[in-house]
Amino acid sequence: MILIGMFDSPYVRRVAVSLRLLGFAFEHRNWSVGQDFDRIREYNPLGRVPTLVLDDGEVLADSSAILDWLDQDVGPDRALLPPRGAERQRALQLMALATGAADKGVAQLYEGAFRPAEKRHEPWVQRCRTQMLAALGELDRACAAVQTQWLLGMRLTQADVTLTAVSTFLHEALQLDPAALPALARQTARGEALPAFGEFHQPFFVPRS
């Protein structure tokens, strides 16, 4: 397998961590959607990451689709996303909040990095920030209500993987104050303590236009 994309992306990172946790061996192509757009498009016509090239040459794009394939390959007993029921629904809800926050964070970063200053629309940036902080606040409340090691009990799930990857990314890239979201910060630190997260950590670099 070949995983394409940089680990400063929370989407790429959650795939890399999941690959490691599930025991998949893979090569890594540390390609940027900015500098390596054409190379990425040789595998993924959208030029987006993460892109996963399977051993048989099939190409999977979009982190959600990749994670779904990984879970199906290892089977329900090892899958990181619960296979059914209330646990699955809760995990999906938490993951939607996390990835939604990441999307709004990326929108803010792109507005500053790629749009000329005279064309930047501050009300749009503030709207994205409001949405991001609202989602993170909901995740903070969810973490505060947890009485177990992980979000859904004593077993790590994809909800934990995604929350950790997204929370670290947003705090680093947008310089958020961890004290403002203390329960989320504690849960994120718990995830970051795992070797797989340490292996695939790359601080986000904001390109300048």
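# Structural briefing: pocket, cavity and local backbone features

Helices (H or I, at least four residues) and strands (E, at least two) are DSSP runs, numbered from the N terminus. The model is predicted, so local features need pLDDT of at least 70 and side-chain atom pairs count only at pLDDT 80 or more, whereas totals for chains, interfaces and linings use all residues. Residues are numbered from 1 along each chain as its sequence is written, and side-chain values use heavy atoms, with hydrogens and water left out.

**Annotation**

**Largest pocket**

- The largest pocket holds about 890 Å³ of space.
- Of the 34 residues that line the largest pocket, S9, V33, V49, Y110 and F204 are the closest to its centre.
- On a 1 Å grid over the protein atoms alone, a pocket is an open set of points with protein on both sides within 12 Å along at least five of seven lines, a cavity is a set of points where a 1.4 Å probe fits but cannot get out, and lining residues have an atom within 4 Å of a point.
- Grid points are joined across faces, edges and corners, and a volume is the space filled by probe spheres set on the points.
- Helices α1 (10-21), α3 (63-74) and α4 (85-114) each supply at least two residues of the lining of the largest pocket.
- The largest share of this lining, seven residues, comes from α4.
- By class, the lining of the largest pocket has 19 nonpolar, ten polar and five charged residues.
- In this classification Ala, Val, Leu, Ile, Met, Phe, Trp, Tyr, Cys and Pro count as nonpolar, Asp, Glu, Lys and Arg as charged, and the others, Gly among them, as polar.
- Domain 1 (2-74) and domain 2 (85-194) each contribute at least three residues to the lining of the largest pocket.
- The domain bounds come from an automatic or database domain assignment.

**Largest cavity**

- One cavity of 30 Å³ or more is present in the structure.
- The largest cavity has a volume of about 70 Å³.
- Its lining comprises 14 residues, of which F7, D8, F169, E172 and Q202 lie nearest the centre.
- At least two lining residues of the largest cavity come from each of α1 and α6.
- With four residues, α6 gives the most to this lining.
- Seven nonpolar, four polar and three charged residues make up the lining of the largest cavity.
- Domain 1 (2-74) and domain 2 (85-194) each provide at least three residues of the lining of the largest cavity.

**Backbone geometry**

- The peptide bond from V49 to P50 is cis, with omega near 0 degrees.
- P50 lies in the loop between α2 (37-41) and β3 (51-53), and V49 is among the residues closest to the centre of the largest pocket.
- D62, although not a glycine, has a positive phi of about 80 degrees.
- D62 is found in the loop between β4 (59-61) and α3 and counts as partly exposed, at 42% relative accessibility.
- Buried means under 20% relative accessible area, exposed over 50%, and partly exposed in between (1.4 Å probe, protein chains only).
- Q175 is likewise not a glycine and has a positive phi of about 55 degrees.
- Q175 is located in the loop between α6 (158-173) and α7 (182-192) and is exposed, with a relative accessible area of 71%.

**Selected helix residues**

- Y11 lies in helix α1 and is buried, with a relative accessible area of 16%.
- The C-alpha atoms of Y11 and L60 are separated by 13 Å, with the two residues 49 residues apart along the chain.
- D68 lies in helix α3 and counts as partly exposed, at 38% relative accessibility.
- D68 and R13 are 55 residues apart in sequence and 15 Å apart in space, C-alpha to C-alpha.

**Cysteines**

- A search of the whole structure finds zero disulfides, a disulfide being a pair of cysteine sulfur atoms within 2.5 Å.
- C128 is buried, with a relative accessible area of 0%, and C143 is also buried, with a relative accessible area of 6%.
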